[in-house]
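Please keep the sequence and the structure at hand while reading.

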Amino acid sequence: MTDLGGPGDPRARRPGDGPEAVASQIADAVESLTALWSVAAQETSLRLSLHQLRALRTVQAAPGLNLTALADGLDIGLPTASRLCDRLAAAGLLERAPHPDTRREVQLWLTPHGQHVLCDIADRRARALTAALAAMQPAERAALSRGLRGFLTARATLPPDGDRPESR
């Protein structure tokens with residue numbers, strides 16, 4: 001277990017605690033978290049693809065957005081987004097409605113069933129994550145929390161293109 005102490009913590013300078021080694025450990029943890037997330041999503045009554053789930057989450061975050069905004073948000077083409085919405089609408093998760101001001105534009109909204117499915121997935125994910133965190137020692141959870149806060153702070157200071165300052 002990597003000790004995620006602060007920069008003045010001498011334990012943070014052990015071999016294997018350099019940025020590359022920790023990045024590898026985080027990549028492993030992210031894969032595990034992704035698997036946990038995926039399993040929680042697949043245990044619902046509907047099996048949603050990653051694209052479908054992302055589309056629903058995008059509409060949930062911005063109710064009434066149009067198809068072009070959804071396609072841009074998902075970084076997919078407009079025809080692909082349209083087919084994706086067709087499938088979600090057929091499943092009763094999403095509805096399209098004419099824009100009140102622009103006849104040519106369609107707004108996207110979650111149905112109550114779509115909201116329910118997303119809440120169910122969020123609950124399952126929270127329970128699975130809580131179970132994994134409960135299996136950790138309290139000091140490990142505290143170190144993880146400190147490390148994640150430090151990561152988010154450091155990430156916020158980097159340029160948007162992801163370039164990082166030279167290693168010290």
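Which residues does glutamine 107 touch, not counting residues up to four places away in sequence? In this predicted model, glutamine 107 touches Gly64, Leu65, Glu95, Arg96, Ala97, Pro98, His99 and Pro100 when residues up to four places away in sequence are not counted.

**Glutamine 107**
- Glutamine 107 has its place in strand E2, which covers residues 106-110.
- The relative accessible area of glutamine 107 is 14%, and because buried means under 20%, this residue counts as buried.

**The chain as a whole**
- The protein chain holds six helices and two strands, and read from the N terminus on, its elements follow the order α-α-α-α-β-β-α-α.
- Of the 168 residues in the protein chain, 24% are buried.
- The accessible surface of the chain comes to about 11,300 Å², and 58% of that surface belongs to carbon and sulfur atoms.
- When contacts between residues at least 6 apart in sequence are considered, 44% of them join residues at least 24 apart.

**Helices H1 and H5**
- Helix H1, spanning residues 19-42, packs with helix H5, spanning residues 112-134, at an angle of about 135 degrees, and their axes are 8 Å apart.
- H1 and H5 are therefore oblique to each other, since an angle over 145 degrees would be needed for roughly antiparallel.
- The crossing in which H1 passes H5 is right-handed.
- On the H1 side, Leu33, Leu36, Trp37, Ala40 and Ala41 take part in the contact, and they meet Ile121, Arg124, Arg125, Ala128 and Leu129 in H5.
- Sorted by class, this contact of H1 with H5 has eight nonpolar and two charged residues, with no polar ones.

**Helices H2 and H3**
- Helix H2, made up of residues 50-61, and helix H3, made up of residues 67-74, pack at an angle of about 125 degrees, with their axes 10 Å apart.
- H2 passes H3 in a crossing that is right-handed.
- The residues of H2 that meet H3 are His51, Arg54, Ala55, Thr58 and Val59, and their partners in H3 are Leu70, Gly73 and Leu74.
- By class, the contact of H2 with H3 has four nonpolar residues, three polar residues and one charged residue.

Terms used: Residues numbered from 1 in each chain as written. Predicted model: local features only at pLDDT ≥ 70, side-chain atom pairs only at ≥ 80, totals over all residues. Heavy atoms only, no water. Helix = DSSP H or I, 4+ residues; strand = E, 2+ residues; numbered from the N terminus. Buried < 20%, exposed > 50% of the residue type's maximum accessible area, 1.4 Å probe, protein only. Contact = heavy atoms within 4.5 Å. Areas by Shrake-Rupley, 256 points an atom, 1.4 Å probe, with all protein chains shown as cover. Axes fitted to C-alpha atoms, helices over the stretch in contact; angles between N-to-C directions. Parallel < 35°, antiparallel > 145°, perpendicular 65-115°, else oblique. Left-handed = near helix turned anticlockwise from the far one by under 90°. Nonpolar A, V, L, I, M, F, W, Y, C, P; charged D, E, K, R; others polar.
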